[in-house]
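Trainee: I have not seen this structure before. Could we go through how its descriptions are reached?

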Amino acid sequence: MADARYCFPLDDALDAAEAAPLLCAGLIGYRALAMAGDARRIGLYGFGAAAHIICQVAVWQGREVYAFTRRADVASRDFARALGACWTGASTSVRRSRWMLR
């Protein structure tokens, strides 16, 4: 049982396996993206399920996406770049650069 205030209908044609990520990571990420307002640059710390969904949405919206990951997580940086992030890097090696100051 779920409280109706926190539920919404899903299209019957939607495959459950394809919809599941949108119902957890998608909602969490979208809430954070909405809190960013109309920011042109979005920084994503870590590149898990919520971040990779929101990266795609933000890129589609025409925003610049910067993905920060653990130093050894090259696979996540490559994935972020493939999804349209304009910059990826280890969060521990970031220095104040011109894009951060704008």
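Trainee: Why is Asp3 called partly exposed?

Mentor: This is a predicted model, and in it Asp3 has a relative accessible area of 35%. Buried means under 20% and exposed means over 50%, with partly exposed in between, so Asp3 is partly exposed.

Trainee: What makes Arg5 and Asp3 a salt bridge?

Mentor: Their closest N and O atoms are 2.6 Å apart. The cut-off is within 4 Å, so the pair counts as a salt bridge. Arg5 has a relative accessible area of 65%, over the 50% limit, and is therefore exposed.

Trainee: Which parts of the chain does the salt bridge of Arg40 and Glu64 link?

Mentor: The side chains of Arg40 and Glu64 meet at 2.8 Å, N to O. Arg40 lies in the loop between H1 and strand E1, and Glu64 in strand E2, 24 residues apart. Arg40, Arg41 and Glu64 are linked in a network of salt bridges.

Trainee: How do you know that Asp73 is buried or exposed?

Mentor: Asp73 has a relative accessible area of 16%, which is under 20%, so Asp73 is buried. Its salt-bridge partner is Arg70, with the closest N and O atoms 3.7 Å apart. Arg70 is exposed, at 63% relative accessibility.

Trainee: Why are H1 and H2 called oblique to each other?

Mentor: Their axes cross at roughly 60°. Roughly parallel needs an angle under 35 degrees and roughly perpendicular starts at 65, so H1 and H2 are oblique. The contact of H1 with H2 has 11 nonpolar, 2 polar and no charged residues.

Note on methods:
Residues are numbered from 1 along each chain as its sequence is written. This is a predicted model: local features need pLDDT of at least 70, side-chain atom pairs count only at pLDDT 80 or more; totals for chains, interfaces and linings use all residues. Side-chain values use heavy atoms; hydrogens and water are left out. Axes are lines fitted to C-alpha atoms, for helices over the stretch in contact, and angles run from 0 to 180 degrees between N-to-C directions. Helices (H or I, at least four residues) and strands (E, at least two) are DSSP runs, numbered from the N terminus. Angles under 35 degrees count as roughly parallel, over 145 as roughly antiparallel, 65 to 115 as roughly perpendicular and the rest as oblique. Ala, Val, Leu, Ile, Met, Phe, Trp, Tyr, Cys and Pro count as nonpolar, Asp, Glu, Lys and Arg as charged, and the others, Gly among them, as polar. Buried means under 20% relative accessible area, exposed over 50%, partly exposed in between (1.4 Å probe, protein chains only).
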